[in-house]
Amino acid sequence: MGKYFGTDGFRGEAGVKITAEHAFKVGRILGWYYGDRLGGKCRAVIGKDTRLSSYMLEYSLAAGLTSSGADAYIMHVTTTPSVSYITRCDGFDCGIMVSASHNPYYDNGIKLMNSSGEKMEDEVISIVERYLDGDFSVFGGRDIPFAAGNAVGRTVDYVSGRNRYIGHLISLATCSYKGLRVGLDGANGSAFNIARSVFDALGAKTFIIGDAPDGTNVNDGVGSTRIKSLQNLVKQYSLDVGFAFDGDADRCIAVDERGVEVNGDGELFVLANYLLSRGELANSNAVCTVMSNGGLVASLKPRGINFFISDVGDKNVCDLMNKTGSVLGGESSGHIVFSKYETTGDGLVTAIIIMEAIAEGKCTLSRLMKDFKTLPQISTSVPVTDKIAAMSGIDGLVKNLTEKLSVRLIVRPSGTERVIRIMAEGESEESCALACKIVQSKILQNSN
């Protein structure tokens, strides 16, 4: 993990850990790097979510790019997957998304993508980080020269890219959703308008919450990490299904017609079965992570579906999908990747394919989940100031508890927040709870 760019971009409190100056420098180095490598003008596309600070970072990035001679195409408020899609399909050299995903509004972040719409290569990230630290050795020990005259880049309003992405989503559906009542939770973020446009166009009767962003309410009581609001909506209006997205809409968590949450593991169960029934699950393989419930693998094994298990992070999921030739992969958090359609997780694509399974099967989501049996599992997060200090002695404790309590125990620092994540899975809820309690106590002890 880099100094600035963690598992999901450069993220932190806007104006404190990630500033307009940081964004300007990121734009400067990317404009220079791709222009120099190509021997011409770099073309970069930028999207942002609804956070108050997203405007500051967006225009700082554009200023950095254009001052290095690059052209910056601005998609305005849009989703991370749409930036990935447009970067790949419209031939951009790189894509940039301004978002802190599921974090609160006062945080923000910068996600970088290569020309394939995938997370940018580590060697390029390393150059960006070195430049942020004032290391000019990669370009002869002097700072990047500013473009002048007709070499200065320009900004281009590129809302047409977002509209083309909406058309792409609509084209994925093979069924009409007429007669289906669908709840949508836009998290007051990137999906607040796009989700409704897509589902209305496909014929569904939509009920939406989290669609009134004001710059400070993204993920505030709504979205994929705060599912209660959507559950209440589904039950209140007797809806057929509900979908909640996070701030930049690369995650989706579903709610069935009873108001029961279906997390990423449940979604993978439904989607793997659906793709298998259509003959579209290549080699009957899929990918999940070490945090996925063991019941997912056990429930699908009798159907001949094999899961490869990756480390946490959608980049790791995508890498393992490529290595194993899998077309489906994802995380329990709701990051689901369909390699046929996208090179990254896309919450809206996830929702559409689940809708296809419901519409084609003429059944409820709970029916599609009928044979999914989970193992007792507890997950919790412990806020910390120093993640390195908090993890002192944890490995030995994990090994000891795994043997004594017969649990599968994973403890890891979050790559996006100042928390330590704990997951315990075992034969009983009690043993899982005890393991989590003991580890949490150790972490808090280390933090004091």
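The model is predicted: local features need pLDDT of at least 70, side-chain atom pairs count only at pLDDT 80 or more, and totals for chains, interfaces and linings use all residues. Residues are numbered from 1 along each chain as its sequence is written, and side-chain values use heavy atoms, with hydrogens and water left out.

The secondary structure comprises 15 helices and 19 strands, taken as DSSP runs (helices: H or I, at least four residues; strands: E, at least two) numbered from the N terminus. The radius of gyration, taken over C-alpha atoms, is 22 Å, close to the 22 Å that the globule rule (2.2 Å times the number of residues to the power 0.38) gives for 448 residues, so the protein chain is as compact as a globular protein of that length. Along its principal axes, the C-alpha trace spans about 65 × 55 × 40 Å.

Of the 448 residues, 57% are buried, that is, under 20% relative accessible area (1.4 Å probe, protein chains only).

Attention now turns to one residue. Serine 197 lies in helix α6, which covers residues 191–201. Serine 197 has a relative accessible area of 31% and is therefore partly exposed, a class between the buried limit of 20% and the exposed limit of over 50%. Serine 197 is 17 residues from leucine 180 in sequence, and their C-alpha atoms are 15 Å apart in space.
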